[in-house]
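This report goes through the side-chain packing, the aromatic contacts and the charged pairs of one structure. The sequence and the coordinates come first.

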Amino acid sequence: MGVWINGRVLVRRRVSKVSKRTEWKYPEAIVDCEWLRDRIENPNIRIYDCTTYLNYTDEDPLKPYDVVSGRSQYEKGHIPKAAFLDLQRDLSDSSSPYKFTLPDYEKLAETIKNKGIGDPYHIILYSGNGIQWATRIWWMIYVLGYGKVSVLDGGFSEWQRLSLPIEYGSNMFAPANFEVHLNSKIFVGKDEVLSAIGNQKHCLINSLTEDIHLGLNPRYGRRGSIRRSVSIPFNGLLNTETGKLKRPEEVLEIYQSHAVFPDSRIISYCGGGIAASLDAFMLRQLGFEHLQIYDNSLSEWAMSEDLPMEIG
């Protein structure tokens, strides 16, 4: 017999027992604080603080939050030698009505290069308030074809917890060599999501918190979630005490329990393509191959009455 899960019937598919030997497929894309501490003087490593803050508002669904750059906090203390990347000001489309829309790829590549990202450097990305800001920029660099990029597990909070050295002021890097090898299929828009809703081979993952998914929080205007999506909140992939990533076998079990399998074609979404980048990042680490991110997510979807949503 089959069972229904979020509008999909699953027939004779059983969640396999999770192996304790589950490992990240691309372990080089995740580094820990001790690893970075031991290599902080390596001239071929360039570190970037990606912190952005969201101050949530309840008055206007067209403006669910105010975006605040993390630059001022960065200048008050950061990992030694780190520069700062301002996601909204420098790496988003300023002409878009949404906060974090991906800019034109050619413009993005030029900005990335001028910020010092590219050959021959190993790029380390971190944030002071959740790894999802680092994974968002990780994907933005990834789609341009540069592979020597890692996120710092636990970010600046873990660095401080370990009482590692802190630097004040600001740093900048000279431009780097950057040869674009574009993968334009990762970030998608509403048309691709609409097509996925009616396709049983696709799985839509809502990376926002469960209260938004269930319609208990009207942050983005219309309540609820995109039709046929499953709720896998980004913060459930993290250790609640440290903010570090959960172990591979724990993360795999989360996805398996929601009937997300390696042969699924997955689109993750959230409010503006930030939290969704963490779900996509973790799925890639587990070896999932068919991954996409809905760039403007509910900031766009919930504002269009003709786009289907559901509650519960």
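The model is predicted. Helix H5 spans residues 132–142. Of the 11 residues of H5, 10 are buried, so the helix is largely enclosed by the rest of the structure.

The buried residues of H5 are Gln 132, Trp 133, Ala 134, Thr 135, Arg 136, Ile 137, Trp 138, Trp 139, Met 140 and Ile 141.

## Aromatic pairs

How many aromatic pairs does a search of the whole structure find? The search finds 11. Phe 100 and Trp 133 are both buried.

Trp 138 and Trp 139 form another edge-to-face pair, at 5.0 Å centre to centre and with an angle of 85° between the planes. These two tryptophans also belong to an aromatic cluster, which they form together with Tyr 142 and Phe 281.

## Arginines over rings

Which residue lies over the face of Tyr 121? It is Arg 46, at 3.6 Å from the ring centre. A further arginine, Arg 284, lies over the face of Tyr 26, and here the distance to the ring centre is 3.8 Å.

## Nonpolar cores

The largest nonpolar core contains 82 residues. Within this core, Leu 125, Tyr 255 and Val 260 have the most contacts. When neighbours within four places in sequence are left aside, Tyr 255 is in contact with Ile 205, Ile 232, Leu 237, Val 260, Asp 279, Met 282, Leu 283 and Leu 286. Another core lies apart from the largest one and has 16 residues, including Ile 79, Ala 82, Phe 84 and Leu 152.

## Salt bridges

The salt bridges number 9. One of them joins Arg 161 to Glu 158, with 2.9 Å between the closest N and O atoms. Both residues lie in helix H6, 3 residues apart, which is about one turn of the helix.

Glu 249 forms a salt bridge with Arg 247, and the closest N and O atoms are 2.8 Å apart. Glu 249 counts as buried at 18% relative accessibility, while Arg 247 is partly exposed, with a relative accessible area of 48%. Elsewhere, salt bridges that share partners join Arg 89, Asp 90 and Lys 115 into one network. In the bridge between Arg 89 and Asp 90, the closest N and O atoms are 3.1 Å apart. Arg 89 is exposed, at a relative accessible area of 55%.

## Residues distant in sequence

Lys 185 lies in the loop between helix H6 (155–161) and strand S10 (187–188). Is Lys 185 buried or exposed? At 63% relative accessibility, Lys 185 counts as exposed. The C-alpha atoms of Lys 185 and Ile 293 are 9.1 Å apart, although 108 residues separate the two along the chain.

Asp 191 is part of helix H7, which covers residues 190–197. Asp 191 is exposed, with a relative accessible area of 53%. From Asp 191 to Tyr 294 the C-alpha distance is 9.9 Å, and these residues are 103 residues apart in sequence.

Definitions and conventions. Residues numbered from 1 in each chain as written. Predicted model: local features only at pLDDT ≥ 70, side-chain atom pairs only at ≥ 80, totals over all residues. Heavy atoms only, no water. Phe/Tyr/Trp six-rings, centres within 6.5 Å; stacked < 30°, edge-to-face > 60°. Helix = DSSP H or I, 4+ residues; strand = E, 2+ residues; numbered from the N terminus. Buried < 20%, exposed > 50% of the residue type's maximum accessible area, 1.4 Å probe, protein only. Lys NZ or Arg CZ within 6 Å of the ring centre and 35° of its normal. Core = buried A, V, L, I, M, F, W, Y, C linked by side-chain atoms within 4.5 Å. Contact = heavy atoms within 4.5 Å. Salt bridge = Lys/Arg side-chain N within 4 Å of Asp/Glu carboxyl O.
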